[in-house]
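Look at the sequence and the model first, then read on.

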Amino acid sequence: AKIYNVLNIQTIAYMDYIIRLYRDNYNIDLNPCGIFYFTISKPIIKNKKNIDLIKETEKYYRYSGFIINDIKKINLIDKNILNNGNGSSISLKINKDGEISKVNSLESILSENEFSDILEFVHESVKDKIMEIYDGNIEVCPVLDDINQSRCSYCNYVGICKFTKKTNKFRIINELDKDLFFNLIRKGNN
């Protein structure tokens with residue numbers, strides 16, 4: 001839902017730019033394995049009896065994001081996947097038959113076509129937003145994450161944007177499942 005609403009797209013936009021740069025300037029087609037985010041804050045782990053702090057810390061520092069549904073590519077990212085069925089750097093499990101386990105978040109496992117569709121959607125969305133800015137549309141319309149609190153509640157820049165509930169409106173993000181998301185972006189409803 002966040003990507004469809006053009007939120008949290010920075011890493012995807014960077015990936016799209018790099019792919020296009022290499023294709024257009026160096027005639028090299030890149031085929032990424034995925035797009036990942038990495039937590040850089042320190043984990044807070046409750047110290048319980050007989051807990052392996054190293055394993056708990058490793059769980060916290062796993063990559064999250066989107067991965068291509070291709071065992072060979074997945075193995076390039078995390079060699080432990082094929083060795084013992086569990087990823088050490090990505091949260092993924094592989095069944096004994098070599099298939100991705102259904103315990104995984106299937107929302108983050110994409111086909112090559114789905115991955116390309118996301119890149120194209122973000123590319124077009126960024127172009128649209130740039131054109132809106134060129135046209136002078138800089139509407140103040142923050143996201144309402146929680147019915148009781150918006151991001152404006154703790155924003156230091158409310159004095160610059162001059163957002164008020166009386167003159168502006170919030171943007172409400174509705175959850176989308178994976179199928180609906182791809183149906184919407186493939187129809188061009190952005």
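A nonpolar core is a set of buried Ala, Val, Leu, Ile, Met, Phe, Trp, Tyr and Cys residues joined through side-chain atoms within 4.5 Å. Buried means under 20% relative accessible area, exposed means over 50%, and partly exposed lies in between (1.4 Å probe, protein chains only). The model is predicted: local features need pLDDT of at least 70, side-chain atom pairs count only at pLDDT 80 or more, and totals for chains, interfaces and linings use all residues. Residues are numbered from 1 along each chain as its sequence is written, and side-chain values use heavy atoms, with hydrogens and water left out.

The predictor's confidence in each residue is its pLDDT, from 0 to 100. The chain has a mean pLDDT of 85, and 94% of its residues reach 70 or more. Confidence is highest in helix H1, at a mean of 97, and lowest in helix H4 (residues 80-84), at 74.

The chain has 7 helices and 5 strands. These are DSSP runs, numbered from the N terminus: helices are H or I with at least four residues, strands are E with at least two. Buried residues make up 29% of the 190 residues.

**The cores**

The largest nonpolar core has 20 residues, and Ile3, Tyr4, Ile12, Ile118, Leu119, Val122 and Phe181 touch the most other members. Two or more residues each come from helix H1 (10-26), strand E2 (64-68), helix H5 (112-134) and helix H7 (178-187). H5 gives the most, with 5 residues. In soluble globular proteins, nonpolar side chains tend to be buried together.

Contact means heavy atoms within 4.5 Å. Leaving out residues up to four places away in sequence, Val122 touches Ile3, Ile9, Ile12 and Ala13.

Isoleucine 185 lies in helix H7. It counts as buried because its relative accessibility is 11%. Its contacts, again without residues up to four places away, are Tyr4, Asp117, Ile118 and Phe121. The C-alpha atoms of isoleucine 185 and phenylalanine 121 are 6.4 Å apart, although 64 residues separate them along the chain.

**Salt bridges**

A salt bridge is a side-chain nitrogen of Lys or Arg within 4 Å of a carboxyl oxygen of Asp or Glu.

| Pair | N to O distance |
|---|---|
| Lysine 178 and glutamate 114 | 3.6 Å |
| Glutamate 124 and lysine 127 | 3.4 Å |
| Glutamate 132 and lysine 129 | 3.9 Å |

Which parts of the chain does the pair of lysine 178 and glutamate 114 link? Lysine 178 is in helix H7 and glutamate 114 is in helix H5, 64 residues apart. Both residues are buried. Glutamate 124 and lysine 127, by contrast, both lie in helix H5, 3 residues apart, about one turn of the helix. Glutamate 124 is partly exposed, with a relative accessible area of 28%, and lysine 127 is partly exposed at 40%. Asp16, Arg20 and Glu120 are linked in a network of salt bridges.

**The surface**

Tyr17, Ile18, Tyr22, Tyr26, Ile28 and Leu30 make a nonpolar surface patch of about 580 Å². Residues of a patch have over 30% relative accessible area and no salt bridge; like charges are joined within 9 Å, nonpolar side chains (Val, Leu, Ile, Met, Phe, Trp, Tyr) within 5 Å. Accessible areas come from the Shrake-Rupley method with a 1.4 Å probe; for residues, only the protein chains shown count as cover. Isoleucine 28 lies in the loop between H1 and strand E1 (34-37), and counts as partly exposed at 38% relative accessibility.
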